Amino acid sequence: MTMTTAEEQAISDEAFRAELRNWLSQNITEEFRENRDMNFRERVAVRKTWQKKLFEAGWVGVGWPKEYGGRGATFSQTVIYNEEMALAKAPPTANVIGLGMAGPTILSVGTAEQKARYLPKILSGEEIWCQGFSEPNSGSDVASLQSKAVRDGDNFVVNGHKVWTSFGYVADYCILLVRTDFAAPKHKGLSYLIVDMKSPGVSTRPLVQMTGDAEFAELLFEDVKVPAQNLVGEINKGWMVAITTLMHERGSFSFNTVVQFEQRMQNLLELAREQSREGRPAIQDPLIRQRLAKLYIDVRTFKLNTLRQMSFVTKGQIPGPEGSLLKLHWSELNQRLVELAFEIAGPYSALAPDSDDAPNQGRWQYEYMRARGNTIEAGTSEVQRNIVAERVLGLPHY
Amino acid sequence: MYFDLNSEQKMLAQTVRRFVEKECTSPKIRQIMQTPDAYDADLWNKMAAQGWMSLTVPEEFGGLNESWLTVAAVFEELGRGIVPGPFLATVALAAPALALTGNANQKARWLPLIAEGQAKATVAYLEPVNSYSFDSIKTTATPSANGYQLNGTKMFALDAQVADFIIVAAMDGSDLALFLVEAGAEGLKIELLEGMDLTRRLTRITLENTPAAKMDGAKDAREALEQTLFRACLALSAENMGGIQWILDTSVAYAKNREQYGRLIGSYQAVAHPLVDRTLELTSTRSALYQAAYDLDHNPTGVAEAVSLVKALSSDSYRQSAYTGIQTLGGIGFTWEHDMQLYFRRASANWSLFGDPTWHRELLLKAVGV
């Protein structure tokens, strides 16, 4: 009897699932769990050890090509991967920008040398990446940026100021967008560089967020020498490379966040079971139940929307402007989700994340604050709506 | 899960769209909705000639027994064109109910007639109370010489005024059961309700010692009725999705052409952004619909969750789209003349048909063990 390809695929998918589930059950240990007393640098350190563990077993970047340390997994296996990570409540990986943005961009448009040099260490977490796009006067209008690079022999000399740079002060490398032609229209004078953050002239300063945490930073570049071979794509064509990165940020990145939202929804349901309101568990309150159901629908459709969209993006292709819908969806649903958690806590919601009396070690209070950043970071909701209006619906540009 | 329609399903959807554009123009719809029964025999026969009445009928009774994804693709287009008449009641409600609960004779008699477009039918399960629960069913069935007699009142029965038979949920002692009542039966009275949706009719059915045949082909009638409503909700959600698509297409086209203050209004973010929000809801509805169709076709354990999810989501989204559609069009959107009002009315009626979003969200939580 010969098996059909579909049957073979199903069997290899189930073997993949079983192997991963088994591995996770044996390898998620307490040393990879963060506690609330850790600062951002300490958290990243824990995540790096976890990412290294994953990498050594071949469980990070499963959809990436084998030659760079990935697993070359199929789309359905990548879906299974995300499901199993959610189920096992696996800790987060450290290299968010590297895995979600820098890596996919280098895979799409980088040179063979760049791929060989950077991709394996992005996967292993050995080198942490940050993304230098935003500037003090260029937020949503990122193409108006003024940081500049001037060619000098085999190098570019970079001067400029970047802000809101996630992982900025713990990063080893930066994908940096700079202006190389000041005479050209704003989108046509930009170039995209890979910058070693240990280069002379680079300085970083943590920026403290309203949560009290410092996940991001500002970066200063003063006469920083960047080797010419670190140019990604062509000179003055950096905007298209940046769009590639942003599309990945909205598309592929959403794919990975599905795991987090499924975990968070389960945690919210647990909270509603644990918390008592007016003498009965919150989960029995009809008003709370309706809102839980709405969020359940939100999380479920976010997952299905993401899978459906990613299934159209065959390997190596760049996700389209529909990714902006995914970004809108997750950022706004997360705000609704953490708001409900905050409200379920009733009078306890007034406590700060650090309070010993706050439920779940103050996690929800922290997330409640942190979520306000979701509709600003990675492109504000206003910018995402403009992108969908113009590029998906074809409405006129303002 | 399904990520997309296959090429055959896309071709079928195109065929339905072309048919609707030709046969169901706005003047035609408005003519049909003026008739007492919101029924047009000519349109019905043309649809039957396309074979669409046979979509949900098992093959042994002359049907196509199509996948629910294919059925959904057809309903999406019918919803997009706001096609009037008893198609939903017959194809998505009565045919599945009959296939699930009818005995051999009942199926052999009626299913081939449905498949050929010779019979129209519906299911009546709600009563004159504000409840979607089967527990509120009070209509009684008592054994008689030739079968059963039904007594009670049914409300909100869809398009019963043109049905050749009505499947009625009633209490046989302490058990819920389904009964087949033929048009013209003694003691059967059907009154039209003034409904929000002008393209379909809701009815009140009074049963007074009305002769009926028990549908005893299913082990558990309660579960069979639940399974019937899963199918009806899927079809209705597909119809909702088609309606949302029409509203969005119409609103976007208008915003690209209408000029005020020297600019196209679609360039204003205050006009554009609500249309983007409706686009996201439409995308989510499509994903949820394909998942529910997949579950009905392949994964029985996921059906209750997936169907209630898409019914709740599509109902709220359709209504919201209609609000945005009217607002985008401005004055013309608020007129009798513009078809936007027909979609608003359909959205409002579909919202509570087969259970409103509040009801389905509660069902969803129960289905996932919360």
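Which residues in α9(B) meet which residues in α10(B)? Let's work through this and a few more exercises together; the model is predicted.

**Exercise 1. Describe the packing of α9(B) against α10(B).**

*Step 1: the residues.* From α9(B) come Ser315(B), Tyr318(B), Arg319(B), Ala322(B), Gly325(B), Ile326(B) and Leu329(B). Facing them in α10(B) are Met340(B), Tyr343(B), Phe344(B), Ala347(B), Ser348(B), Asn350(B) and Trp351(B).

*Step 2: their classes.* This contact of α9(B) with α10(B) has nine nonpolar residues, four polar ones and one charged.

*Step 3: the geometry.* A pair of packed helices is described by the distance between the axes and the angle between them. Here, helix α9 (residues 303-329) of chain B and helix α10 (residues 340-352) of chain B have axes that come within 8 Å and cross at roughly 160°.

*Step 4: the orientation.* An angle over 145 degrees counts as roughly antiparallel, so α9(B) and α10(B) are roughly antiparallel to each other. The crossing in which α9(B) passes α10(B) is left-handed.

**Exercise 2. Work out what chain B brings to its contact with chain A.**

*Step 1: count both sides.* Chain B supplies 29 residues, and chain A supplies 29 residues.

*Step 2: find the elements.* On the side of chain B that touches chain A, two or more residues each come from α7 (221-257), α8 (269-298), α9 and α11 (357-367) of chain B. The most come from α8(B), with 12 residues.

*Step 3: sort by class.* The residues on this side of chain B divide into 16 nonpolar, 10 polar and three charged.

**Exercise 3. Decide how α8(A) is oriented against α11(B).**

*Step 1: read the geometry.* The axes of helix α8 (residues 286-312) of chain A and α11(B) come within 9 Å, crossing at roughly 75°.

*Step 2: classify the angle.* Since 65 to 115 degrees counts as roughly perpendicular, α8(A) is roughly perpendicular to α11(B).

*Step 3: list the contact.* α8(A) contributes Arg289(A), Gln290(A), Leu292(A), Ala293(A), Lys294(A) and Tyr296(A). Their partners in α11(B) are Thr358(B), Arg361(B), Glu362(B), Leu364(B) and Leu365(B). By class, the contact of α8(A) with α11(B) holds five nonpolar, two polar and four charged residues.

**Exercise 4. Is Glu191(B) buried or exposed?**

*Step 1: locate the residue.* Glu191(B) sits in strand β6 (residues 188-192) of chain B.

*Step 2: apply the cut-off.* Glu191(B) has 11 other C-beta atoms within 10 Å. A residue with 12 or fewer counts as exposed, so Glu191(B) is exposed.

*Step 3: look at the contacts.* Leaving out residues up to four places away in sequence, Glu191(B) touches Thr203(B) and Arg204(B).

Terms used
Residues numbered from 1 in each chain as written. Chains lettered and ligands numbered in written order. Predicted model: local features only at pLDDT ≥ 70, side-chain atom pairs only at ≥ 80, totals over all residues. Axes fitted to C-alpha atoms, helices over the stretch in contact; angles between N-to-C directions. Helix = DSSP H or I, 4+ residues; strand = E, 2+ residues; numbered from the N terminus. Parallel < 35°, antiparallel > 145°, perpendicular 65-115°, else oblique. Left-handed = near helix turned anticlockwise from the far one by under 90°. Contact = placed C-beta atoms within 7 Å. Nonpolar A, V, L, I, M, F, W, Y, C, P; charged D, E, K, R; others polar. Buried ≥ 20, exposed ≤ 12 C-beta atoms within 10 Å, placed from the backbone.
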